[in-house]
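Welcome! Take a look at the structure, then try each task before reading on.

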Amino acid sequence: MSPATGAVTDALRELHSRYAGVGEGELADYIPELALADPGAFGLALISMDGHRYSTGDAGAPFTIQSVSKPFVYALALSLLGLDEVSRWVNAEPSGEAFNAISLERSTGRPANAMVNAGAIVTTALIPDTPVAPRFGRILDCLSRFAGRRLDVDEEVYASEAATGDRNRALAYLIRSTGPLPVDPVAAVETYFRQCSVRVTALDLAAMAATLAHGGVNPLTGDRVVAEPVAAQVLAVMATCGMYDASGDWLLRVGLPAKSGVSGGLIAAGPARFGLAAYSPLLDRTGTSVRGHLAIGMLSERLGLHLMYNPALAGSTVTLVTTAGDLPGGPETGGERAGHSGVAVAAAQGALDFTAAERVLYALDEAGKGRTGAVVLDLVRVTDIDTVARAMLRSGLARLAADGRRTAVADPDGRLREPGEEAGATRSFASREEAVARCTATASE
Ligand SMILES: NC(=O)CC[C@H](N)C(=O)O
């Protein structure tokens with residue numbers, strides 16, 4: 001174990017030993033092959049946005065993906081057809097019902113969402129099937145890219161579910177009778193059974209969850225599996241519907257988009273943070289891994305991962321508000337005096353998004369308050385600016401200029417510039433000193 005990151009592995013190990021002795025729950029037996037699983041199996045895995053892998057227990061043990069496949073096939077359908085088209089066939093409302101319920105909308109016959117069986121069967125059926133790109137081949141390719149390695153099918157589990165899956169067949173026929181199933185029910189369900197029988201490990205599932213958390217790019221392989229908006233759409237449906245009739249309670253307590261499966265797999269995604277997975281086949285009444293639920297719930301609490309709990313780290317964006325080349329007559333001595341030319345500087349650091357940009361703009365106002373001199377925005381220590389933050393900062397600077405203030409930006413990497421734009425357009429310079437000097441020079445011109 002690496003000494004420093006061993007601290008992360010230790011956190012997983014501690015959870016593993018804390019819950020390994022929990023013997024509650026039942027193996028799924030309505031698919032006979034699943035009842036053969038080792039009830040003691042228990043693995044945990046976590047993958048960071050940098051692709052660092054942490055795991056403990058049976059994180060490398062193979063099992064079938066079952067319903068954890070549903071968000072990823074939904075992602076494939078969204079990628080191929082777009083949200084509007086997919087939504088014509090399957091809705092995105094929490095059903096408050098069990099995974100195998102007849103969750104069909106009264107008015108349209110559409111399944112409630114793509115996380116329950118009814119909706120997942122329709123989602124699978126939406127994947128185009130052509131001689132060169134057969135439906136199941138596309139699904140297996142997609143699941144493999146999410147996992148970052150070539151996955152295969154557990155033929156025994158497939159045969160076992162195919163032999164006993166009458167409820168899912170009945171669901172498919174029912175949906176066909178009310179409208180929203182674009183293909184033959186038998187074909188749809190057979191492909192759905194194969195998709196549920198794809199073999200994975202907890203580490204694979206953590207990579208798949210991490211890919212969604214990472215905006216659709218697999219952090220292990222760098223492969224862009226789906227577009228960023230698709231990853232966000234899938235996480236949204238996981239958050240509201242991923243845990244079936246326990247989705248509300250899960251979001252309330254654990255606070256992460258998640259998906260469970262009846263073989264004992266469970267994933268949770270911390271957007272822009274982690275992909276988490278657990279494997280333990282003893283299930284509660286909703287079909288969720290008992291130990292997996294406990295472990296991921298506790299991990300979320302300990303690491304502060306609840307989506308609705310995101311305290312901003314104070315002072316992490318604006319490092320310093322200061323003045324340079326100050327002349328007598330600051331605010332305390334009546335700085336409104338015309339001709340006062342102290343240069344106010346606000347420096348930002350780190351990655352700037354909307355929240356950070358608001359703080360920077362506030363600092364610029366503060367920095368320039370009561371002065372008539374120039375305002376310098378120092379971006380030297382900024383590592384990234386998203387498009388929203390860039391537009392906000394540009395508009396803030398333009399407003400300052402319109403207000404009669406001289407502005408300059410220390411922006412050696414041109415982060416504030418639009419692609420192809422000249423440095424002059426944003427009055428940007430290579431360093432704070434140069435930006436301040438230019439402002440002072442302009443002042444005395
Ligand atoms: N919740 C689940 O994992 C259910 C998947 C299983 N293949 C079924 O359709 O019944």
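Predicted model: local features only at pLDDT ≥ 70, side-chain atom pairs only at ≥ 80, totals over all residues.

## Exercise 1: strand partners

Residues are numbered from 1 along each chain as its sequence is written.

**Task.** Find out how E1 is joined to strand E8 and to strand E2.

**Solution.** 
- Step 1: Start with the terms. Strands (E, at least two residues) and helices (H or I, at least four) are DSSP runs, numbered from the N terminus. Two strands pair if DSSP finds at least two bridges between them.
- Step 2: Go to E8, residues 274–279. This strand runs antiparallel to E1, and 6 bridges join the two.
- Step 3: Turn to E2, residues 53–57. Here 5 bridges are found with E1, again antiparallel. Ala 45 stands opposite Ser 55 of E2.
- Step 4: Look between E1 and E2. They form a hairpin with 4 residues between them, and Gly 51 in the turn has a positive phi of about 80°.
- Step 5: Check how covered E1 (residues 43–48) is: 5 of its 6 residues are buried. A residue is buried if 20 or more other C-beta atoms lie within 10 Å of its own, exposed if 12 or fewer, and partly exposed in between, with C-beta atoms placed from the backbone.

## Exercise 2: a residue in a helix

**Task.** Is Thr 123 buried or exposed, and why?

**Solution.** 
- Step 1: Locate Thr 123 in helix H4, residues 117–126.
- Step 2: Count the surroundings. Thr 123 is buried because 29 other C-beta atoms lie within 10 Å.
- Step 3: List the contacts. Beyond neighbours within four places in sequence, Thr 123 is in contact (C-beta atoms, placed from the backbone, within 7 Å) with Val 73, Tyr 74, Ala 77, Val 90 and Ala 114.

## Exercise 3: the nonpolar cores

**Task.** Which residues have the most contacts inside the largest nonpolar core?

**Solution.** 
- Step 1: A nonpolar core is a set of buried Ala, Val, Leu, Ile, Met, Phe, Trp, Tyr and Cys residues joined through C-beta atoms within 7 Å.
- Step 2: The largest has 103 residues, and Ile 121, Ala 206, Ala 209, Ile 267 and Ala 277 have the most contacts inside it.
- Step 3: Helix H9 (residues 202–213) gives the largest share of this core, 10 residues.
- Step 4: Apart from this core lies another of 34 residues, including Ala 357 and Val 436.

## Exercise 4: the whole chain

**Task.** How many helices and strands does the chain have, and what are its domains?

**Solution.** 
- Step 1: The chain has 15 helices and 13 strands.
- Step 2: Of its 445 residues, 50% count as buried.
- Step 3: An automatic or database domain assignment gives domain 1 (6–303) and domain 2 (318–444).
- Step 4: The centres of domain 1 and domain 2, taken over C-alpha atoms, are separated by 48 Å.

Note on methods: Contact = placed C-beta atoms within 7 Å.
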